[in-house]
Amino acid sequence: MLPSATVPDRVNNWTSADLAERLGGNRTLAHELIAIFLLEYPSLLQSIRASADRQDREAISRSAHAMKGTLANFIDSGPTVTARALERAAADARLADVPALVEQLEGEIQALAAVMRRQTGAR
Amino acid sequence: MMRVLVADDDPVLRHALTSHLQSWGYTSAVVMDGGAALNALQQPDPPLLAIIDWNMPGVDGTDLCRYIRATPALAATYVILLTGNQDRSDVVAGLESGADDYIIKPFSWEELRARLRIGSRIAGLQQALAARVDELQHALGNVKRLSGLLPICAYCKKIRNSEDYWMQVEQYLANTRTPSSAMASARSACTRNCLYTRPSKIAVCPIPNSSSPRCATS
């Protein structure tokens, strides 16, 4: 996990209220979406790690794309940008860039998840 | 209430779409991959609107669009393709696969709502048009059947009635007004004058010098 200093401010400053506003003011729906994300992201991260370990370009690209899509529901910077960079690196066969991007992505997502848990009381 | 097929492998977006669609007055059929979407589209009375993610496991969004466009029963289905692909070439490829509209993720919910309203209107018009075409085809079938009921001899211009008797037009018309009396005179006239019995099509009585059966009277 990245130290919080290297996590973009947009992640640390993320609020569920902003999400609710994007959802037309529906706080209940915002909390439901956060709960689903907190439940689902570990397996998506695991899938990215596993495909990176195998150096499977297609699988890295596919799993990074899925992670990017899920993250984009919550934030358009930080981990979403990193997931996009990872997807692109795999598509362009820049496998040397993959480990660092996976590490950065994991740190940013863990930071975002921590912020979400703190704000919603979710586990 | 119009039904919308939602096909996306992202559980967060699926839930958000379901919730919004419900609040906007739509009912939704929600699936998590292309294969399940294909199955939903093959059921009787498929949804008229479809929000389909491009990148899904198995059958992807563009494959689904091509299937929809190649299936006459889904001619009225309005498809909105969702994707994270932002390149202009991707937009073109998505639309060329048969999508009616294309939305790049992340999107504004109000924008999606407006686009769905357009899709709903167009799908409704398509459905009404298809129903009208069906009505017209049915009516055309009736016209063909009716035309077969009035065989007119091209030579002597008599009309064959439903009982296979040939009648002058005036007699035929009078017969339709006073069926019982006209029928009696028509029966005797046809027995006496018309040798031609069963034309296969309307208004076709072979010409007099033909060797086939003909109406022998003028």
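1. Between them, chain A and chain B bury about 1200 Å², and 62% of that area lies on carbon and sulfur atoms. This is a predicted model, and the points below should be read with that in mind.

2. The contact between the chains draws on 17 residues from chain A and 14 residues from chain B. Turning to charged pairs, how many salt bridges does the rule find across the interface of chain A and chain B? The count is 0, with a salt bridge taken as a side-chain nitrogen of Lys or Arg within 4 Å of a carboxyl oxygen of Asp or Glu.

3. In chain A, helix α6 covers residues 98-120, 23 residues in total, and the distance from its first C-alpha to its last is 32 Å, which is close to the 33 Å expected at 1.5 Å a residue. After α6(A) comes G121(A), a residue with a positive phi, near 75°.

4. Which residues of α6(A) are buried? They are V98(A), L101(A), V102(A), L105(A), G107(A), E108(A), I109(A), A111(A), L112(A), A113(A), V115(A) and M116(A), a list in which the acidic residue E108(A) deserves a look by eye. The elements covering these buried residues include, from chain A, α1 (9-12), α3 (27-54), α4 (57-72) and α5 (79-91).

5. In chain B, strand β1 (residues 3-7) and strand β2 (residues 27-31) run parallel and are joined by 5 bridges; within this pairing, L5(B) has A29(B) as its bridge partner in β2(B).

Note on methods. Residues numbered from 1 in each chain as written. Chains lettered and ligands numbered in written order. Predicted model: local features only at pLDDT ≥ 70, side-chain atom pairs only at ≥ 80, totals over all residues. Heavy atoms only, no water. Helix = DSSP H or I, 4+ residues; strand = E, 2+ residues; numbered from the N terminus. Expected span 1.5 Å × (residues − 1). Buried < 20%, exposed > 50% of the residue type's maximum accessible area, 1.4 Å probe, protein only. Contact = heavy atoms within 4.5 Å. Pairing = 2+ DSSP bridges. Buried area = accessible area lost by both parts, 1.4 Å probe.
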